[in-house]
Amino acid sequence: MNNMNLTPIPQNYKNNVEWILGAYTDAGITFPNGFQKDAIQNAVGARKTNKWKNWRCDISLVKNEKGQYIIVEDSGTVGLTGKIIPISEIDKLMAQGSVLGPDERLSRFTSMFNSGGNTTGGGLFGAGKSVYSVASQSYTYYYDSLREDGVYVANVNRCGQVLPDSLTNEDAKKFIRDKTGLSEKKSTGTRIIIEKPREDLIDSIQNETIIPFIQESWWRIIERLKDGAAISVNGKEVLVPKEMKNDATHHCELQNAETYADGYRVKHFGLYVFDNGNNRWSGISYYRKGMKIGDIDLKDIPKKIDGKFWGYVEVDEQWEDELSEIEDRVHFGVSRGKKNTKTFQNLKNYCNRKVKANLEEWGYIKNKETEDKKLQNEMQEIANDLQSLFEKLGFESLGKGPKKGDFSIRWQHVVYPKLGSEEVTTDDKIRFSILINSSYAADKKFDYKIAVVDPSTGNEVSKIDENEIIVASNDRERIDSVFVVKPNNSVQYAENRIVFFVKVKGSGKSVKKELSFFYDIDKPDTSRPHVGLALHECIFPWKNSRRVNFGEMLHDVSYSIENKRGLELKYRLNISIHNASVPTCDKIVDIASLTGIVQPYEQCISDPIKDILFDQNVYEQYLTSGILELRARLIAVEDSGEIEKGDKITSYNYKIYLNCDEKNGFQDSFSVRSVDAPDDYRRSWCETGNGRSITLNVGHPAYLYVSDYPEVQHEYIREQMLKQYVMLYLEEGRYDMFNVSGQIFTELEPQEAAEQVLNKMESVYSKSLR
């Protein structure tokens with residue numbers, strides 16, 4: 001038995017290669033389309049490097065006395081390199097499980113099932129060279145190659161049978177000439193000569209219907225070809241259709257690569273909409289190594305533009321490698337059952353998000369962001385009217401812009417059980433410190449309370465600490481605490497908030513800070529900003545005015561940076577002044593570049609810029625009077641979670657008036673914003689501190705009830721903002737406006753004080769309607 005002779009199992013070559021036809025049919029494509037893609041892919045993969053210099057792939061139809069042939073010829077490639085190994089030895093090597101190395105291109109091409117080694121093209125064990133057999137009615141193709149080492153080789157594959165030894169040089173030339181009537185290949189590379197080609201393939205080359213297939217599959221690569229590099233059909237160079245982008249009603253191109261999720265980075269994305277329906281292609285396609293693979297499933301596309309847009313997406317190499325593993329065998333999409341993989345779902349979700357965002361911006365979809373902008377503009381108009389009203393009624397101005405508060409509180413040294421996560425379970429410990437800074441001229445007593453609150457109801461769940469603390473003038477005190485999560489002090493399976501509430505004794509001034517934790521539930525993705533930036537302090541030369549004249553200075557300009565993430569943030573803060581009197585807002589001068597670190601869940605104040613001088617020699621070449629903009633841009637210094645080094649995180653712009661006054665004296669006393677917080681029982685609220693603000697809760701049932709009635713909604717917003725404007729005076733201790741009948745507001749009984757605040761609101765509201 002040890003000396004037995006073995007013989008190969010007979011194989012039906014036609015059946016072994018005709019799977020390609022079924023795969024094309026399953027993918028819903030014609031044979032000419034599939035052929036061009038696999039043939040060009042083979043030529044793309046034959047490059048030695050990723051460069052395109054001098055590379056060509058030419059597809060042509062030739063008829064001579066020997067017959068009719070379709071030729072696929074690549075140039076600027078390495079050719080069929082490697083040793084001339086007899087087919088019998090190749091069979092032995094393969095029977096032993098050996099794999100031919102990537103440089104043995106000739107032997108790999110000659111053997112039937114030995115493939116791989118393609119690092120410069122999109123192929124991965126796909127149709128490969130078998131497509132040439134299926135393209136022939138006799139399952140026959142000749143091939144020759146002028147290799148980069150100068151050796152000329154040739155052979156034939158006739159229905160799976162090849163010459164035992166590939167022919168070289170003069171023998172090879174004579175073989176090709178005798179069998180096909182063609183002279184030898186003169187340029188370095190490989191040529192495939194398909195005998196008795198299929199009629200549908202002949203027709204597609206003759207009538208050039210194969211060209212649109214090539215354009216759609218390979219336009220990303222065709223765009224890069226220059227200086228003689230090209231793909232051609234019958235000698236006609238295939239070009240990128242100009243109208244595919246130029247006639248678009250709307251278009252977008254991703255300007256910089258962006259990260260969708262950890263390990264998933266998008267390099268290119270484009271979307272083009274054609275209102276007239278003249279788009280050449282349709283849908284969003286993904287490309288890998290410059291080759292179109294498949295289409296992305298999109299949802300929520302408006303009927304009016306369904307089929308009237310096209311787009312594409314390309315991802316980085318790591319993501320491409322993952323996608324290649326789930327593609328079908330002919331690279332026309334994802335294999336059945338593999339669309340639910342994470343790698344494809346991330347691609348699908350990214351494209352759906354980008355398409356939706358652009359369609360909203362262009363007005364094809366009713367866009368929440370656009371509606372938010374309309375609401376913001378309406379709120380700002382109401383704010384301007386109310387501030388003018390308060391000025392007419394003789395109210396004291398709250399002052400404009402940032403005003404350093406009498407005191408502030410900040411979280412410090414916040415440590416959750418899991419780094420970067422706010423999720424906890426029973427017996428987990430949350431460690432934190434609270435810093436109270438006092439800017440009062442005298443020592444002050446502060447009442448404080450730390451409690452756990454259920455944000456869905458606003459009810460207190462448990463009390464952590466309650467006490468009194470004395471903070472010296474222009475000093476700070478720190479309160480350290482450790483909270484142990486238990487079912488009896490927190491709401492399980494819900495979001496909870498640790499709330500720190502502090503009040504100055506003998507004053508109405510109070511502040512609260514909140515810290516969320518999620519007890520035995522996953523933290524929802526709210527997609528809210530991760531880092532906040534605001535102007536903390538900026539002292540102008542004129543009281544209650546943002547005017548500066550030549551030769552004057554701003555003093556103590558500093559910024560508040562709040563890190564709402566669970567990871568440390570190293571930042572650079574670039575500050576400059578721009579000419580906001582012109583649409584281009586040109587930069588006039590760089591002011592400073594500050595660096596620092598903000599710990600997780602903490603807030604820091606940047607080092608102050610002591611003086612900013614408005615030198616006439618610097619500014620008058622841009623303007624003599626008008627609006628300037630003090631711009632601050634926060635940039636990441638190193639990678640931190642989803643933030644990458646060099647990313648622009650956020651910015652804050654602030655208007656300054658050079659040699660002129662603001663038009664409205666009371667304007668900009670506060671900023672306005674809206675939030676969708678259906679679980680918050682408040683319809684609106686105000687906040688003081690680094691910047692006064694009035695917030696409208698657009699998720700409240702009362703707002704939703706009037707949202708379909710614009711006029712009623714307008715009055716609702718107006719009433720809420722007026723109420724909060726009055727509350728701002730109360731929050732900032734401007735009690736004079738609440739004094740009544742000679743009685744000092746702070747000396748009133750609680751019920752009388754509450755009545756007086758309500759009466760003031762009703763009085764101002766009544767006057768606002770006249």
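**Strands and a hairpin**

User: Hi! Which residue in E18 is the bridge partner of Trp-411?

Analyst: Ile-434 is the partner of Trp-411 there. Strands are DSSP runs of E with at least two residues, numbered from the N terminus, and two of them pair if DSSP finds at least two bridges between them. This is a predicted model, where local features need pLDDT of at least 70, side-chain atom pairs count only at pLDDT 80 or more, and totals for chains, interfaces and linings use all residues. Residues are numbered from 1 along each chain as its sequence is written, and side-chain values use heavy atoms, leaving out hydrogens and water.

User: How many bridges join E16 and E18?

Analyst: Seven, and the pairing is antiparallel. E18 covers residues 429-438.

User: What order do the strands take in that open sheet?

Analyst: The order is E16-E18-E21, with antiparallel pairing. E16 (407-415) and E21 (476-484) each have a single partner strand, so one side of each has no neighbour in the sheet.

User: Switching to E8: are its residues buried or exposed?

Analyst: Ala-230, Ile-231, Ser-232 and Val-233 are all buried, meaning under 20% relative accessible area with a 1.4 Å probe, protein chains only. Ala-230 and Ser-232 point one way, while Ile-231 and Val-233 point the other.

User: What does E8 pair with?

Analyst: E1 (residues 56-64) pairs with E8 in the parallel sense over four bridges, and Arg-56 sits opposite Ala-230. E9 (residues 236-237) pairs with E8 in the antiparallel sense over two bridges.

User: And what's in the turn between E8 and E9?

Analyst: Two residues separate the strands of this hairpin, and Asn-234 in the turn has a positive phi of about 50 degrees.

Conventions. Buried < 20%, exposed > 50% of the residue type's maximum accessible area, 1.4 Å probe, protein only.
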